[in-house]
Amino acid sequence: MKILIVDDNGAHRASAVEQFGDDHEVVAIDSYENAIALLKPNCGFDALLSDLLMPAEPYCLGPAGLKFLGHEIPIGLVLMLRAARIGIPLICVITDANHHHHPMSAALDWIAPGYWRDDENALLQVNASRVLIAHAPLLSNGCKDWKKALSILAAATS
């Protein structure tokens, strides 16, 4: 499986590469500008695993928009929609943000209550893509458990 990981946190990217090892082809990048460059029709990715919140970048911003540079925005949702539009079958958008510290993280409780669910109630269908949007399950080292997210998505489609 060819997997695109998008996360601005280097520890989360390195952990993703380590978690999947040689079992999958993993491309781990740090920005949504780089992700958009890769998320093209026929790009060959089987899965997109993305952070929910990433700092705003100057990509396509005019002078008035530059005031948002560096502020965390829910860009993972935009990447999810782009990936679904081009037909990537498995899409996961997760966050390790505390839901008491960021309003977008708190809003995730409206989609799937609790921090993690192993059932299909947390899964969505967007076009032909299976989507999981949730608080990240965490490994003992504090990094996101990307492999668990992908396994839940893969199990729901088989």
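Which residues does serine 105 touch, not counting those up to four places away in sequence? Keep that one in mind; the tour comes back to it.

**Before you start**

This is a predicted model, in which local features need pLDDT of at least 70, side-chain atom pairs count only at pLDDT 80 or more, and totals for chains, interfaces and linings use all residues. Residues are numbered from 1 along each chain as its sequence is written, and side-chain values use heavy atoms, with hydrogens and water left out.

**Stop 1: the whole chain**

Show the protein chain as a cartoon and you will find 5 helices and 8 strands. Helices (H or I, at least four residues) and strands (E, at least two) are DSSP runs, numbered from the N terminus. Walking from that end, you pass the elements in the order β-α-β-α-β-β-β-α-β-α-β-β-α. The radius of gyration of the protein chain is 15 Å, close to the 15 Å that the globule rule gives for 158 residues, so the chain is as compact as a globular protein of that length. Here the radius is taken over C-alpha atoms, and the rule is 2.2 Å times the number of residues to the power 0.38.

Along the principal axes, the C-alpha atoms fill a box of roughly 45 × 40 × 30 Å. Colour by accessibility next: 46% of the 158 residues count as buried. Buried means under 20% relative accessible area, exposed over 50%, and partly exposed in between (1.4 Å probe, protein chains only).

**Stop 2**

Two strands pair if DSSP finds at least two bridges between them.

Begin with β1 (residues 2-6), which runs parallel to β2 and is joined to it by 5 bridges. Show leucine 4 and you will see valine 27 of β2 opposite.

How many of the residues of β6 are buried? The count is 6 of the 6, so β6 is largely enclosed by the rest of the structure. Leu90, Cys92 and Ile94 are on one side, with Ile91, Val93 and Thr95 on the other. On the β3 side (residues 47-51), 5 bridges make a parallel pairing with β6, and aspartate 51 stands opposite isoleucine 94. Towards β8, 6 bridges make another parallel pairing, where isoleucine 94 faces alanine 134.

**Stop 2: the hairpin**

Select residues 123-126 (β7) and 129-135 (β8): these strands run antiparallel, joined by 4 bridges. Leucine 124 stands opposite valine 131. The hairpin leaves 2 residues between the strands, and asparagine 127 in the turn has a positive phi of about 55°.

**Stop 3: helix α1**

In α1 (residues 10-20), pick out the buried His12, Arg13, Ser15, Ala16, Gln19 and Phe20. Seen down the helix axis, the buried residues fall within an arc of 165°, so they line one face; the arc is that of the directions from the axis to the C-beta atoms. At the start of α1, a side-chain oxygen of asparagine 9 comes within 2.8 Å of the backbone nitrogen of alanine 11. Just past the helix, glycine 21 has a positive phi of about 50°.

**Stop 4: helix α4 and serine 105**

Finish at α4 (residues 103-111), where serine 105 lies. With 0% relative accessibility, serine 105 counts as buried. To return to the opening question, serine 105 touches Thr95, Ala97, Asn98, His99 and His135. A polar atom of its side chain lies 2.8 Å from the backbone oxygen of alanine 97.

Isoleucine 111 is also found in α4. At 38% relative accessibility, this residue counts as partly exposed. Draw a C-alpha to C-alpha distance from isoleucine 111 to leucine 132: 9.9 Å in space, for 21 residues in sequence.

Notes:
Polar contact = N/O pair within 3.5 Å; in protein donor to acceptor, adjacent residues only side chain to side chain. Contact = heavy atoms within 4.5 Å.
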